[in-house]
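Hello,

Please find the structure below. My notes on it follow.

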Amino acid sequence: RLHVYRLPIAKTDLEARVQEFWGECSQPGGRYQGPGARLYRDLIQPAAADLAGKTPLVLVPDGPLHTLPFQALQDSSGKHRIDRTALSDAPAVSALLAMF
């Protein structure tokens, strides 16, 4: 089954939020929890029912999501995604096309 979930934010806003998250993650003592929780709410939460009990999970991020460390996103209980699901990623077709 294929399910498509529309992101509730514009691409430029998503790019800014991913950069904010990275900026906080890269600083010692950075406060990445808030930005990570918002990204989790918008990117993962809509598909939570479909993802329940699925492991491992392979992500194929594209665009601004290509550099997002999904493993570090936190759900509403403060648990990191990597604590709930074995994650790996694969390159999107657009990334593969850019290499050739």
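Predicted model: local features only at pLDDT ≥ 70, side-chain atom pairs only at ≥ 80, totals over all residues.

Residues are numbered from 1 along each chain as its sequence is written, and side-chain values use heavy atoms, with hydrogens and water left out.

Salt bridges

A search of the whole structure finds three salt bridges (a side-chain nitrogen of Lys or Arg within 4 Å of a carboxyl oxygen of Asp or Glu). One of them joins aspartate 42 to arginine 17, at 2.8 Å from N to O. Aspartate 42 sits in helix α2 and arginine 17 in helix α1, so this pair ties together parts that are 25 residues apart in sequence. Helices (H or I, at least four residues) and strands (E, at least two) are DSSP runs, numbered from the N terminus. Arginine 17 is buried at 16% relative accessibility, and aspartate 42 is buried at 9%; buried means under 20% relative accessible area, exposed over 50%, and partly exposed in between (1.4 Å probe, protein chains only).

Aspartate 42 also forms a salt bridge with arginine 41, with the closest N and O atoms 3.4 Å apart. Arginine 41 is partly exposed, at 47%.

Glutamate 20 pairs with arginine 38 in a salt bridge, the closest N and O atoms being 3.8 Å apart. This pair links helix α1, which holds glutamate 20, to helix α2, which holds arginine 38, 18 residues apart.

Largest pocket

The lining of the largest pocket has three residues from β1, which gives the most. Elements that each supply at least two lining residues include α2 (33-43) and α3 (48-51).

Phenylalanine 100 lies in the segment after α5 (93-99) and is exposed, with a relative accessible area of 83%.

Serine 88 is in strand β2 (residues 87-89) and is partly exposed, at 33%. Leaving out residues up to four places away in sequence, serine 88 touches Leu57, Val58 and Leu59, a contact being heavy atoms within 4.5 Å. Serine 88 and alanine 16 are 72 residues apart in sequence and 24 Å apart in space, C-alpha to C-alpha.

Regards
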